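Colleague: I would like to learn how to read side-chain pairings, disulfides and sheet order from a model. Could we go through them one at a time?

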Amino acid sequence: QVQLVESGGGLVQAGGSLRLSCAASGRTFRRYDMGWFRQAPGKEREFVAAVTASGANTYYVDSVKGRFTISRDNSPNTVYLQMNSLKPEDTAVYYCAAGAYYCSDYECYSRAGPWNYWGQGTQVTVSS
């Protein structure tokens, strides 16, 4: 069992930056692929970014490429999402996810189904 706790959300003006953190419990963190999703009011949960267990590969939705960076630190068990040049359309609850054991490409990582564990979410609000 893995528990995920997100932090770092808040209110920021357009063009600003935030860094989200996701702390994971358990000794097997380094085995998990990690990801970030987001959900805006009235919309479906959307994939944002993923990083493989080794950290060698990362995946991003097109709308955040060049602005967001996902990274991980296996000691402590934390994954980060650095968000720069934020836009009002980035406003959402951001969720951390772990697992996706059998994924090996963007199409798989971008679906919510393959992810095994989820955090409770952290609110990000970008004002115009």
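Colleague: Which residue forms a salt bridge with Arg67, and how far apart are the closest N and O atoms?

Modeller: Please keep in mind throughout that this is a predicted model. The general idea is that side chains of opposite charge can pair when their charged atoms come close. Here the partner of Arg67 is Asp90, and the closest N and O atoms of the two are 2.8 Å apart. This pair links distant parts of the chain, since Asp90 lies in the loop between E8 and E9 while Arg67 lies in the loop between strand E6 (58–60) and E7, 23 residues apart.

Colleague: Are Asp90 and Arg67 buried or exposed, and why?

Modeller: The general idea is to compare the relative accessible area with a cut-off, because under 20% is called buried. Asp90 has a relative accessible area of 1% and is therefore buried, and Arg67, with a value of 10%, is buried as well.

Colleague: With which residue does Arg38 form a salt bridge, and where in the chain do the two partners lie?

Modeller: Arg38 also pairs with Asp90, the closest N and O atoms being 2.9 Å apart. Strand E4 itself covers residues 33–39, and Arg38 is buried, with a relative accessible area of 6%.

Colleague: Which residues are linked with Arg38 in a network of salt bridges, and how many salt bridges does the structure hold?

Modeller: The network links Arg38, Glu46, Arg67 and Asp90, and the structure holds 5 salt bridges. For contrast in setting, take the salt bridge in which the side chains of Lys65 and Asp62 meet at 3.1 Å, N to O: Lys65 and Asp62 are both exposed, whereas Arg38 and Asp90 are both buried.

Colleague: What else surrounds Arg38, leaving aside its neighbours within four places in sequence?

Modeller: Among the residues in contact with Arg38 are Glu44, Val48, Phe68 and Tyr94. Ser63 is in contact too, and a polar contact of 3.5 Å joins the side chains of Arg38 and Ser63.

Colleague: Let us turn to the disulfides: how many does the structure hold, and which pattern do they follow?

Modeller: There are 2 disulfides, and with bonded cysteines counted along the chain they follow the pattern 1-2, 3-4. One joins Cys22 to Cys96, with an S to S distance of 2.1 Å, and links distant parts of the chain, from strand E3 (residues 18–24) to strand E9 (residues 92–99), 74 residues apart. In the other, the sulfur atoms of Cys103 and Cys108 are 2.0 Å apart.

Colleague: What is the handedness of each link?

Modeller: The angle about the S-S bond gives the reading: at -80° the link of Cys22 and Cys96 is left-handed, and at -60° the link of Cys103 and Cys108 is left-handed. Cys22 and Cys96 are both buried; Cys103 is buried at a relative accessible area of 8%, and Cys108 is buried at 6%.

Colleague: Finally, what is the order of the strands in the open sheet, and which strands stand at the edges?

Modeller: The open sheet has 4 strands in the order E1-E3-E8-E7, with antiparallel pairing. Strand E1 (4–7) and strand E7 (68–73) stand at the edges, because each has a single partner strand, and one side of each is left without a neighbour in the sheet. E1 and E3 pair over 4 bridges in the antiparallel sense, and Val5 stands opposite Ala23 in E3.

Terms used
Residues numbered from 1 in each chain as written. Predicted model: local features only at pLDDT ≥ 70, side-chain atom pairs only at ≥ 80, totals over all residues. Heavy atoms only, no water. Disulfide = S-S within 2.5 Å. Helix = DSSP H or I, 4+ residues; strand = E, 2+ residues; numbered from the N terminus. Buried < 20%, exposed > 50% of the residue type's maximum accessible area, 1.4 Å probe, protein only. Pairing = 2+ DSSP bridges. Polar contact = N/O pair within 3.5 Å; in protein donor to acceptor, adjacent residues only side chain to side chain. Contact = heavy atoms within 4.5 Å. Salt bridge = Lys/Arg side-chain N within 4 Å of Asp/Glu carboxyl O.
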